[in-house]
Amino acid sequence: MIVKRTATLVFLLCLLIKTEVVLAQNEQVFADSISFVDFLKAQGEIPGLNYRLIDSSGKIISTALAPEVGGIVDYSQALAIQDSVLNRGSVESTLEFLVYNESSSFEASQEYVSNLLRNGDIVVNTPDSVNRKDLISLANKERYSPLLSGPYSYIGDYKIFAVISTITLFFVFAFAMIFFMVLYKARRNRKEKLVASYDEQIVGPLSEILFEKSLEELESLSNEELYLSFPENQLKKPIYMQVLVGRILALNKKMKGDFKLKLKALYKRLDLDKLSIEKLKSTKWDRIVTGMVEVNEMDYTEALVWVKKHVNSPNFHIRSQAVATLLNLSENIDLTFLRDQSFPLSRWQQMNYLRIIKHLHSTRNLHLGNLFDSENQSIRLFGYKLVRVIGRVDLLADLESKFPFTEIEDKIEIIKTFEYLGVPALSELINGSLTSENIKLASIAARAAGVIGDQSTAQLIIKILNDAPGFKLKMTLMKSLQSLNVQLYNQFIEENLSPDLQRISQHLSDPLLQDV
């Protein structure tokens, strides 16, 4: 078996050697015939290659310098003899190539010289040959030794070096990533075990305090007695404190009455309130939000001073939670903190604040009028919506006085507020908006005119209809006119035979299409 493998290996090596020989034979030495002629001129004598002159009939031209037998050995000399024969007026001559004294074509002679060069049978003349120094021959006799050897030999080839470097970096990063993933997983598992262990330690003492001690007893407990339930060394551990706060907050959401008071008293006795304040002073947004949630859940009003500092924070989550906490805990809510916000209110923020205000407006003094003076348009619009939703009819006079000086979006919301509450407004509020060039404002005013307009509004509607407004606005105006004055509406329909007006009238009079 070993002999068979050895024979196969030797055969493959021989095959590779023969392949190199064949490939070398196919290698092109001269690019074209001109380069071959230039080589012959520069080289001079070439072993086995001679030249002779023949006339047009193929007869050999013999001279003293060009004997009939043997021929000329130097190509440049052959060209010079050819020129001398031509100058003497003899017949035209042609230079014939001889390879080992046998007539040969130009191409065959070129191939013959190429083979000599490939096999190293001739030495190419170079400028150094004047000094009898052949660098190629000297290099062939000198044994090759690479510049870099041993383990550094791969660095010599930049391509191999680049590939090896890329693979090495890949493995380094792969191992680093695996290491950090394992480390992260180990830390997370350790934290989960600690949380479960601390939770078991906290549940028992917390239940004992809530169900076996009164509020007075809890407040009168000394620190030593309190540390029996919650060890002092454990209270210094962040994870233990995190679990304790989470348990107290969860119970506070579910408990009522004295239980909530006990939890709040325990929250302060264990200095968890200070921990919440430290979170409010943090530079990380998630810790700040967590601190505000704790303050909000535990009704810790003493921390509102730090909460107010985050009302105009560029972080959306901090800003939203800060406003919600102030709305929940402030006794006298003047809303100046919301009025002075420079960031626009999102729909989610408006819904969240509205839910809180609807729950508190009956027990708290809300100064909604402050929102009307905000430089932030989204807050002004939110104030108008609050008037509409809460039903603060006492603020409509303020809205009416501000209407002429407000922007288009503000006017639209104010008109919607008057329409929703059904309180008649000054004729200038509706009539002036009906003639506005803003189509949206005119459409809103046309819809509200049927609810809060008067007879002057009805006359103005007829005038606008005679000016042929757009179809959608025309339909809204006719519906409002019908609500304001049915007689005037019928008279207008009888006097105007416009196809659009007749179709709209049929639509409005059809009971099946009243809400379409």
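**Close-up 1. Glu-216, Glu-217, Glu-219 and Asp-258 come together as a negatively charged patch on the surface.** To join a patch, a residue needs over 30% relative accessible area and no salt bridge, and like charges are joined within 9 Å. Each charge is placed at CD of Glu or CG of Asp. Areas are Shrake-Rupley values with a 1.4 Å probe, and for residues only the protein chains shown count as cover. The top contributor is helix 7 (residues 215–220), which supplies three residues; helices are DSSP runs (H or I, at least four residues) numbered from the N terminus. Glu-217 sits in helix 7 and, at 39% relative accessibility, is partly exposed (buried is under 20%, exposed over 50%, partly exposed in between).

A word on the model: it is predicted, so local features need pLDDT of at least 70 and side-chain atom pairs pLDDT 80 or more, while totals for chains, interfaces and linings use all residues. Residues are numbered from 1 along each chain as its sequence is written, and side-chain values use heavy atoms, leaving out hydrogens and water.

**Close-up 2. Asp-299 and Lys-264 pair up in a salt bridge, 2.6 Å from N to O.** Lys-264 belongs to helix 10 (residues 258–269) and Asp-299 to the loop between helix 12 (285–297) and helix 13 (304–308), so this contact ties together parts 35 residues apart in sequence. Asp-299 is partly exposed, at 38% relative accessible area. The rule for a salt bridge is a side-chain nitrogen of Lys or Arg within 4 Å of a carboxyl oxygen of Asp or Glu, and the count by this rule is 15.

**Close-up 3. Arg-380 meets Glu-407 in a salt bridge, with 4.0 Å between N and O.** Here distant parts of the chain are linked: Arg-380 is in helix 17 (residues 377–390) and Glu-407 in the loop between helix 18 (396–402) and helix 19 (408–421), 27 residues apart. Arg-380 is buried, with 11% relative accessibility, whereas Glu-407 is partly exposed at 45%. Asp-410 joins Arg-380 and Glu-407 in a network of salt bridges.

**Close-up 4. Glu-413 and Arg-388 form a salt bridge, their closest N and O atoms 3.2 Å apart.** This pair also links distant parts of the chain, with Glu-413 in helix 19 and Arg-388 in helix 17, 25 residues apart. Buried or exposed? Both Glu-413 and Arg-388 are buried.

Conventions
Patch = residues over 30% accessible without salt bridge, like charges linked within 9 Å, V, L, I, M, F, W, Y side chains within 5 Å. Lys, Arg positive; Asp, Glu negative; His and termini not counted. Helix = DSSP H or I, 4+ residues; strand = E, 2+ residues; numbered from the N terminus. Buried < 20%, exposed > 50% of the residue type's maximum accessible area, 1.4 Å probe, protein only.
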